[in-house]
Amino acid sequence: MKKINYTRSNIKTKVKSKKTDSEIEKKRKEIQKKSNEMRHEIFQNKLKSENIKFIPEYKFNAVRNWRIDYYFEMNGVKVGLEIEGGVFAKGRHTRGKGFMKDIEKYNSFSLHGIYLIRTVPVELNSIELLNTIKSMLKI
């Protein structure tokens with residue numbers, strides 16, 4: 001059996017090669033961002049294949065600078081789709097202040113005659129969501 005000598009320089013080298021928590025978190029966020037971009041691309045392609053016209057990041061209130069993730073208007077019906085991120089990670093939409101601001105924004109949708117559909121990122125490409133949008137737009 002080979003004897004291993006642990007010297008101070010060997011130990012330092014091993015410690016330096018380990019990734020820090022912040023590096024790991026940064027990488028996780030990069031992967032999550034790419035994943036979300038892919039979800040949106042697939043979703044938009046599905047909408048196009050169904051001939052559903054949409055506006056991503058539609059600014060419906062210039063004063064408050066509020067946007068809807070996706071906006072649809074067909075057959076006299078206005079529909080907004082909001083994708084709620086960070087639901088399981090105590091994100092902005094689930095914490096007190098952020099939740100209250102979302103309520104204000106969602107009530108404003110109603111005042112503008114916009115029906116609201118809410119979903120989470122993992123459900124963005126579900127057939128149920130697509131069918132809900134089509135049903136609300138009377139397609």
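Mentor: A residue is called buried when its relative accessible area is under 20%, exposed when it is over 50%, and partly exposed in between, using a 1.4 Å probe and protein chains only. What you have is a predicted model, in which local features need pLDDT of at least 70 and side-chain atom pairs count only at pLDDT 80 or more, while totals for chains, interfaces and linings use all residues. Residues are numbered from 1 along each chain as its sequence is written, and side-chain values use heavy atoms, with hydrogens and water left out.

Trainee: OK, how much of the protein chain is buried?

Mentor: The protein chain has 139 residues, and buried residues make up 27% of them.

Trainee: And how many helices and strands are there?

Mentor: There are four helices and four strands in the protein chain, where a helix is a DSSP run of H or I with at least four residues, a strand is a run of E with at least two, and both are numbered from the N terminus. If you follow the sequence, the pattern is α-α-β-β-β-α-β-α.

Trainee: What share of the contacts joins residues at least 24 apart?

Mentor: Taking contacts between residues at least 6 apart in sequence, 53% of them join residues at least 24 apart; a contact here means heavy atoms within 4.5 Å.

Trainee: Let's switch to charges. How many salt bridges does the structure hold?

Mentor: The structure holds six salt bridges, each being a side-chain nitrogen of Lys or Arg within 4 Å of a carboxyl oxygen of Asp or Glu. As background, side chains of opposite charge can pair when their charged atoms come close.

Trainee: Which residue does Lys 134 pair with?

Mentor: Lys 134 pairs with Glu 50, and the closest N and O atoms are 3.0 Å apart. These partners come from distant parts of the chain, 84 residues apart, with Lys 134 in helix α4 (residues 127-136) and Glu 50 in the loop between α2 and β1. Glu 50 has a relative accessible area of 32%, so it is partly exposed.

Trainee: What about Arg 64, who is its partner?

Mentor: Arg 64 forms a salt bridge with Glu 104, with the closest N and O atoms 2.6 Å apart. This pair also links distant parts of the chain, since Glu 104 is in helix α3 (residues 96-111) and Arg 64 is in the loop between β1 and β2, 40 residues apart.

Trainee: Are those two ends buried or exposed, or something in between?

Mentor: Something in between: Glu 104 counts as partly exposed at 37% relative accessibility, and Arg 64 counts as partly exposed at 38%.

Trainee: And what does the side chain of Arg 118 meet in a salt bridge?

Mentor: Arg 118 meets the side chain of Glu 84, at 3.0 Å from N to O. Arg 118 is in strand β4 (residues 114-119), whereas Glu 84 is in the loop between β3 (77-83) and α3, so the pair links distant parts of the chain, 34 residues apart. Arg 118 counts as partly exposed at 48% relative accessibility, whereas Glu 84 is buried because its relative accessible area is 4%.

Trainee: Glu 84 came up, so which residues is Thr 119 in contact with?

Mentor: Leaving aside neighbours within four places in sequence, Thr 119 is in contact with Glu 84, and also with Leu 81, Glu 82, Ile 83, Leu 124 and Leu 129. Thr 119 has its place in strand β4, and at a relative accessible area of 9% Thr 119 is buried.

Trainee: Backbone next. What is phi of Glu 57?

Mentor: Phi of Glu 57 is near 50°, a positive value in a residue other than glycine. For context, most residues other than glycine have a negative phi. Glu 57 is found in strand β1 and is partly exposed, with a relative accessible area of 43%.

Trainee: Where is Asn 65 found?

Mentor: Asn 65 is in the loop between β1 and β2, and although Asn 65 is not a glycine, its phi is positive, at about 60°. Asn 65 counts as partly exposed because its relative accessibility is 42%.

Trainee: Last one: how many residues apart in sequence are Ile 127 and Lys 46?

Mentor: Ile 127 and Lys 46 are 81 residues apart in sequence, yet 9.9 Å apart in space, C-alpha to C-alpha. Ile 127 lies in helix α4 and counts as exposed, at 52% relative accessibility.
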